[in-house]
Amino acid sequence: MADLNQLISLLGGISDSDKALVEKAYKFAEKAHEGQKRFSGEPYFNHCFETAKILAEQGMGPVSVAAGLLHDTLEDANIKPEELEKEFGKEILFLVDSVTKLGQLHYHGVERHIESLRKLFVAMSQDLRVLIIKLADRLHNMRTLQYVQPEKQGRIAAETLQIYAPLAYRLSMRKINRELENLAFPYVFPEEYETIKSLLKQREKESAAQLEKFSRAMIKTLAKSGLTKIHTDTRVKSLFSLWRKLQRKNMEIENVYDVLALRIIVSSLEDCYKALGTIHGHWRPLPGRIKDYIAFPKPNDYKGIHTTVFTGDGGIVEVQIRTEEMHRQAEYGVASHLAFKESKKAGEKTLGLLWLAQFIPFIGKNKNGTAEENKEVPNWIKQIADSQTELLKSGTDEYFDNMQADFFQHRVFVFTPKGDVVDLPIDASPIDFAFAIHSDIGNHAGGAKINGKLVSLDTKLKNGDIVEILVKESARPNTKWLNFVKTNFAKKKIREAVNAIGKR
Ligand code: MN
């Protein structure tokens, strides 16, 4: 049931004026949707409340939460934009209006898919919060999908898998990403869902006791080497990601070592490595399964150390080591950064790109520019920001204008055949894409397809393109590629490869 106090308490210690804002939005939305019902028969306002609650749980601030409460007032409750602006100001009107526009896009096959994605990114370029509110809205709609007419369920679930879940992943909002995937899974792939569900159940039954025993031994062993401030928990692989992995492992669950994993949360980065050393000293690790995502974070900025060890009683278990901070970042991603900066006081300015400032090195730090980089900056944002330092010197207002222009308009967002997003400079080629995925793919790129059609390797990529690289073992980089590639990374890799061939 909708409960204002619950929402306020989720927001933590907020100011009285922020409290008043959330309360006003709550009452306004409740009144606006009065008498309306969801397909489930419950009051429509419950959906607005749940959306706002998801945002608060994600760590978003009072402005986003208020916009979450109000997100359907323009479209479904006949509230005029002028009224919303008068009551709540420009910033909230902007958020609600953008979320409404985003909601009017629907996925109908490939062509519309691309168009929708392009629009999604345009909206996102104006304020990342728009996208996050939309994700919360979609999450609650997915939680209540069983009440929607059956003929619509498939489309909504497919759209969720194709668009929203990958975007949540991209924003490192793993918790939302996982829930969206698992909720959509049975609607899009019903048979596969049942198969995986019973496979997992069987596996869990077999391994739970074993894992429990291993966990106790682990805590004891770590304590002996001085690691007492830790906690562990067991993580069961989500149904959808298990299914994806099984497809790569001939559907043999014996070949998936991380169905159940033991997670160890330690109190510092140093302790991650200390724990790893201790664990390898006691349990023999499986060769080739040690992954240091602290030194080499995943493209979505996931950090942690994974290793797989023999438990000694015939079992094999994956162990994941991370700090509390890495854990929070992995679950909540970009939302966890946005929260701090959001306050009513930011007012009109937030309409622009001030929210971005926290991601950008130097801004918001001391004036002489010697401030250290914000370590919490997601890598993909940092890469773009790094190329912006010149602009920064030209003064803030201009900077933000240029930033707005540069940040997204000079990037293209393209997709792997699996739906992963890759962002590249404008006019980037399939070769840039190939190297962005993996050096091996770039080094053996023999051809490329865009949206299923063969194209030449110097084709300029457009927003929303689905790019596939045809890998040939015999293919090698050549110097002509340097004439059209745009990323420094690809240039560097091509030169390296060309030099290596020359020396042979
Ligand atoms: Mn909604």
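Biologist: Leaving aside neighbours within four places in sequence, which residues is Ile321 in contact with?
Modeller: Ile264, Val266, Cys272, Ala275, Leu276, Ile279, Gly304 and Ile305. Contact means heavy atoms within 4.5 Å. This is a predicted model, where local features need pLDDT of at least 70 and side-chain atom pairs count only at pLDDT 80 or more, while totals for chains, interfaces and linings use all residues. Residues are numbered from 1 along each chain as its sequence is written, and side-chain values use heavy atoms, with hydrogens and water left out.

Biologist: Which members of the largest nonpolar core touch the most others?
Modeller: Leu70, Leu84, Met218, Ile279 and Ile321, out of 97 residues. A nonpolar core here is a set of buried Ala, Val, Leu, Ile, Met, Phe, Trp, Tyr and Cys residues joined through side-chain atoms within 4.5 Å. Buried means under 20% relative accessible area, exposed over 50%, and partly exposed in between, with a 1.4 Å probe and protein chains only.

Biologist: Which domains does this core draw on?
Modeller: Domain 1 (2–185) and domain 2 (190–331) each give at least three residues. Those bounds come from an automatic or database domain assignment.

Biologist: What other core lies apart from it?
Modeller: One of 21 residues, including Leu424, Ala448, Leu457 and Ile494.

Biologist: New topic. What is the mean pLDDT of the chain?
Modeller: The mean is 80, and 78% of residues reach 70 or more. pLDDT is the predictor's confidence in each residue, from 0 to 100.

Biologist: Where does pLDDT stay under 50?
Modeller: Residues 107–113 are one such stretch, with nine contacts beyond four places in sequence. Another is 343–409, where the model has 95 such contacts.

Biologist: Now rings. How many aromatic pairs turn up?
Modeller: Ten, over the whole structure. Tyr293 and Tyr302 form an edge-to-face pair, 5.7 Å centre to centre with 70 degrees between the planes. Both Tyr293 and Tyr302 are buried. Rings of Phe, Tyr and Trp (its six-membered ring) pair if their centres lie within 6.5 Å; planes under 30 degrees apart count as stacked, over 60 as edge-to-face and the rest as tilted.

Biologist: Which residues form an aromatic cluster?
Modeller: Phe185, Phe189, Tyr193, Phe240 and Trp243 form one.

Biologist: And which charged residues sit over rings?
Modeller: Lys24 lies over the face of Phe88, 5.2 Å from the ring centre. The charged end of Arg38 is over the ring of Tyr44, at 5.6 Å from its centre. The test is NZ of Lys or CZ of Arg within 6 Å of the ring centre and within 35 degrees of the ring normal.

Biologist: Backbone next. Which residues other than glycine have a positive phi?
Modeller: Met251, near 60 degrees, is one of them. Asp427, at about 70 degrees, is also on the list. Most residues other than glycine have a negative phi.
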